[in-house]
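Please examine the structure shown here.

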Amino acid sequence: MIPSDRVRILIATKPVDFRKGHDGLAALVQSALKEDPFAGAVFVFRAKRADRLKILFWDGTGLVMAYKRLEDSGFVWPPVTDGVMSLNRAQFEALFAGLDWRKVKALEARRPAVAE
């Protein structure tokens, strides 16, 4: 379920009502985040309680929603504001594992020099 490096990963920075299901979160993506929930991006939502997250994405055949609750700690979230922020894959993996994603930097991929 971990997205590839080419997939956009967007976090809704404002907590949402976790009673919302697939359709409610897709409507939030359209209205509050001004994004297309069916474009292939991964959307991460936070609850008021810092120990819960929901993930929503379109896999080409349907909307997929995942829910995670940490047992002994909380997720490290960005400041609560209206809007959305982007994470790279390494940061997403750290967030999902309950680690501090702010300390993760993805390596820059560069083309190798051609030897002459």
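This is a predicted model: local features need pLDDT of at least 70, side-chain atom pairs count only at pLDDT 80 or more; totals for chains, interfaces and linings use all residues.

Residues are numbered from 1 along each chain as its sequence is written, and side-chain values use heavy atoms, with hydrogens and water left out.

Q: Why is Phe92 called buried?
A: Buried means under 20% relative accessible area, exposed over 50%, and partly exposed in between (1.4 Å probe, protein chains only). Phe92 has 2% relative accessibility and therefore counts as buried.

Q: Why is Phe96 called partly exposed?
A: The relative accessibility of Phe96 is 22%, so Phe96 counts as partly exposed.

Q: What makes Phe92 and Phe96 a stacked pair?
A: A pair of aromatic rings is described by the distance of the centres and the angle of the planes. Rings of Phe, Tyr and Trp (its six-membered ring) pair if their centres lie within 6.5 Å; planes under 30 degrees apart count as stacked, over 60 as edge-to-face and the rest as tilted. By this rule the count comes to 4 aromatic pairs. Phe92 and Phe96 form one that is stacked, at 5.9 Å centre to centre with 25° between the planes. Both residues lie in helix 2 (residues 89-96), 4 residues apart, about one turn of the helix. Helices (H or I, at least four residues) and strands (E, at least two) are DSSP runs, numbered from the N terminus.

Q: What places the charged end of Lys68 over the ring of Phe96?
A: A charge sits over a ring if NZ of Lys or CZ of Arg is within 6 Å of the ring centre and within 35 degrees of the ring normal. The charged end of Lys68 is 4.3 Å from the centre of the Phe96 ring and sits over that ring. Lys54 likewise lies over the face of Phe18, at 5.1 Å from the ring centre.

Q: How do you know that strand 2 and strand 3 pair?
A: Two strands pair if DSSP finds at least two bridges between them. Strand 2 and strand 3 (residues 52-58) have 5 bridges and pair in the antiparallel sense. Phe43 stands opposite Leu56 in strand 3, and a hairpin joins the two strands through 5 residues.

Q: In which sense do strand 1 and strand 2 pair?
A: Strand 1 (residues 9-12) pairs with strand 2 in the parallel sense, over 3 bridges. The bridge partner of Leu10 in strand 2 is Phe43.
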